[in-house]
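Here is a colleague's note to read beside the picture. Please keep the structure open and find each place as it comes up.

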Amino acid sequence: MTKSKEQLEAENPIEHYLRMDRIPHIWCSGCGIGVVVTSFADALRKSNIDMDKLAVVSGIGCTGRVAGYVKLDSFHSTHGRAIPFATGLKLANPEMKVVVFSGDGDIFGIGGNHFIHAARRNMDILVICVNNFNYAMTGGQVAATSPIDANLSTAPYGNFEYPFSLPYLADACGATYVARWTVLHLRQVTMSIQEALGKRGFSLIEVIAPCVTLYARRNRLGDGLNLLKYYHDNSEVRHGADTRTLDISYQGKLAVGKFIDREKPTFLECMNNHMIKVLGDKYVPYGVKP
Amino acid sequence: MTIPFGNLKPKKGKIHINKNRCKGCGFCVEYCPRDVLELSEEFNVKGYHSPSVKDEGNCCYCQLCEAICPEFSIFVTLKEEEEEGEKSESRP
Amino acid sequence: MKKVKADPKGVLTGAHYLDGDFAIAEGALAAGCRFFAGYPITPSTETAERFAERIPYVGGMFIQMEDEIASITALIGAAWGGKKAMTVTSGPGFSLMMENIGLACMMEAPLVIANVQRGGPSTGLPTLVGQGDMMQVRWGSHGDYQIIALSPDSPQECFDLTIQAFNLSEIYRVPVFIMTDECVGHMHEKVVIPPAEKIEIVERKWYEGPKDKYLPYKPDKDLVPFMVKAGDGYRFHTTGLTHDERGYPVINAECQDWNVRHLSDKITHNADKIIKYEEDQTENADVVVVSYGITSRVAYRAVQLARKAGLKIGTLRLVTVWPFPEKRIQELAKKVKAFVVPELNLGQMAKEVERSSAGQAPVLPVTHCGGWVHNPEDIFIAIKEAAK
């Protein structure tokens, strides 16, 4: 904690969205998570959303700490279980907008099963996945998203496993909004979050972020600025691209953009429509606005 | 620098830096489109070099530094210019 | 805590012929449970099926999750969404739930989990009775924490104790377990469901003070903090990490001490209000038979035989299994010759009886690995042995 308190002439507008009693945060110098949080706060501001009705659920990991810093009803659950937690929260209180803000290892490693089922059901939640290609908090272990040949602490001779392509996985499971950006695409991340918040259904926004202390250090990729330069030089915006073509090779091209944006009834809509059809007047509708 | 285009004038920003919250990542300095910032020679309390304003007159209030900072420690407010007589059409 | 009347929509008033599993579902609906997230597992599936059939007419949410881990986690989310939430499972699913049972305790989320026990360990005997999870319910998750566990011995008690389980979970903001077994779960008996106005339901302590002064984990006089739900503008944070009154993680020994002792004291300091048991003829007994669940009914037959043979036998049936009635066992241990503890396991609650009697009276466990109930003769032999 810094000892000297600086008196600035104005208040940083983002402080309205943060638990300032917990800032400065724990993320490293050059880490991309803070940038995603800033883009998220910007999306909240621009979309004029009722912040009392927005909840953030995080898992465990560096990105999992996001829940602790945002000034919303926020929940820091167990490793990989942010999505079922969000499911329970959303279904118990359908008027809430629930955002899962967690990392690639948390959501797609241990949480993989929960991801595919929530997407399958078209649960009305937004998943913001910060992808830094490793399990950073625990020291940079290999993850389901690590590219082949990357060096990680549990793949010390280089990763040889095939990684997931997150947009492909989300598309295959039935997600209705899928986008991928890097942290450098500040305004696009904000725009995607705004779009997804205004949509009903299961949304995934993957944001590729630098991990300076682990992924970049182990692979001698430099610091945050070097990784941002890599994103700058290698990302290609390919809106609507076929999700089968979005693999990321080690330090290779990054296809970014909005890949999927479709309409499909959500879980609750399906449930209510179906039950009304089958049970008629006897059915007591759940979670529908009067 | 003025662009002669009727009464429109470019916006100017006033930059606020929370030196001690900064972790010296350098993103704001690198991506400022007008090269307004530089890393300070001084250390902050944590031992990082925070940004300092090289040339505030050049700031065009794009707020990119504010958006890209991972530490919530730099932001830009609109500098209201005092003008005599003239009203700018860019401000309602 | 607020006492309210049951919502008549969920109360199936009348006399019914139900099995234990169904009675649990009816008890949940009567108690105001409107959120069920579960996963099918024999012999508990009937509870989920009954809930799924009934809830569209009552109004609420039933969702079959992808596994038991998702089920318990969804319950915690639902509790924070303001709902009374429940799941049912058996041994293998129970083991899967352990991590997030710890999360529920840490977050102080009220919820109810029914474990219709079957023969274990591992896949064991999916369709046959067991009582082998009694220690697991108390110690299954990592770290120090306290829970409440009830043990019904009949479908009627399944109904009654489910309502009590919800009430206890709301009062103490703790997961409450209904430790029934396959026999009671699949046994059909008469279950009388009273009219809604006769059923006493408890709501959790809702915070009603100023929003900016809310501290999610500040204990009240009864050691239970006030609760809110997401969406009401309190902007609270809650975590599974060791936390302080604000709900913010604080990673040091002092906060750990405060946090963990609070979770424990919340139950232990209120144990006298929570513990329930049924005693019969223990006043001048030579031997007291301590039992619970289906075994208590089998033991009753053995006790009848023993009393006919002239022995002075008392019975103590545990209704609350955890917190364990140590004080009562301690008192009885001073007066009786021995305890007999029949269980469908290799001696789990027997160890608690032994610990509580502190050497003042020996404990004879009557073990049985499950798959069937005891032969009353075996318990009778143990009673005779104990009476010597």
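Is the crossing of α10(C) and α13(C) left-handed or right-handed? The crossing of these two helices is right-handed, where a crossing is right-handed if the near helix is turned clockwise from the far one by less than a right angle, and left-handed if anticlockwise. Helices (H or I, at least four residues) and strands (E, at least two) are DSSP runs, numbered from the N terminus.

Before we go on, this is a predicted model, in which local features need pLDDT of at least 70 and side-chain atom pairs count only at pLDDT 80 or more, while totals for chains, interfaces and linings use all residues. Residues are numbered from 1 along each chain as its sequence is written, and chains are lettered from A and ligands numbered from 1 in the order in which they are written.

1. **The α10(C) and α13(C) pair.** Helix α10 (residues 294-308) and helix α13 (residues 376-387) of chain C pack at an angle of about 50°, with their axes 8 Å apart. Axes here are lines fitted to C-alpha atoms, for helices over the stretch in contact, and angles run from 0 to 180 degrees between N-to-C directions. The two helices are therefore oblique to each other; angles under 35 degrees count as roughly parallel, over 145 as roughly antiparallel, 65 to 115 as roughly perpendicular and the rest as oblique. On the α10(C) side, V298(C), A299(C), R301(C), A302(C), L305(C) and A306(C) meet P376(C), I379(C), F380(C) and I383(C) of α13(C). Two residues are in contact if their C-beta atoms, placed from the backbone, lie within 7 Å.

2. Now look at α1 (residues 20-31) and α6 (residues 155-172) of chain C, whose axes come within 7 Å and cross at roughly 35°. This crossing, too, is right-handed. Among the residues that make the contact are G20(C), A23(C) and G27(C) of α1(C) and P155(C), F159(C) and F166(C) of α6(C).

3. **A bent helix.** Follow α4(C) along its length and you will find a bend of about 50° at M98(C). The bend at a residue is the angle between axes fitted to the seven residues ending there and the seven starting there. The buried residues of α4(C) include F94(C), M97(C), I101(C) and L103(C); a residue is buried if 20 or more other C-beta atoms lie within 10 Å of its own, exposed if 12 or fewer, and partly exposed in between, with C-beta atoms placed from the backbone. Just after this helix, E108(C) takes a positive phi of about 55°.

4. **A buried glycine.** G370(C) sits in the loop between β18 (363-366) and α13 of chain C. Because 23 C-beta neighbours lie inside 10 Å, G370(C) counts as buried. Leaving out residues up to four places away in sequence, G370(C) touches several residues, including G119(C), L128(C), Q131(C) and N345(C).

5. **Two cis peptide bonds.** Most residues other than glycine have a negative phi, and most peptide bonds are trans. A cis bond joins T42(C) and P43(C), with omega about 0°, and P43(C) is in the loop between β3 (35-38) and α2 (45-58) of chain C. Another cis bond joins G120(C) and P121(C), with omega about -5°; P121(C) is in the loop between β6 (111-119) and β7 (125-129) of chain C.

6. **Two positive phi values.** D149(A) is not a glycine, yet has a positive phi of about 85°. With 14 C-beta neighbours inside 10 Å, D149(A) counts as partly exposed. F72(B), also not a glycine, has a positive phi of about 60°. With 25 C-beta neighbours inside 10 Å, F72(B) counts as buried.

7. **How the chains meet.** Of the two pairs of chains in contact, chains A and C share the most contacts. That contact takes 35 residues from chain A and 41 residues from chain C, and the largest share of chain A's side, eight residues, comes from α2(A). The contact between chains A and B takes 27 residues from chain A and 22 residues from chain B. Here the largest share of chain A's side, five residues, comes from α1(A). Chains B and C do not touch, and their nearest C-alpha atoms are 20 Å apart.

8. **Chain B on its own.** Chain B has two helices and four strands, in the order β-α-β-β-α-β along the sequence. Of its 92 residues, 38% count as buried.
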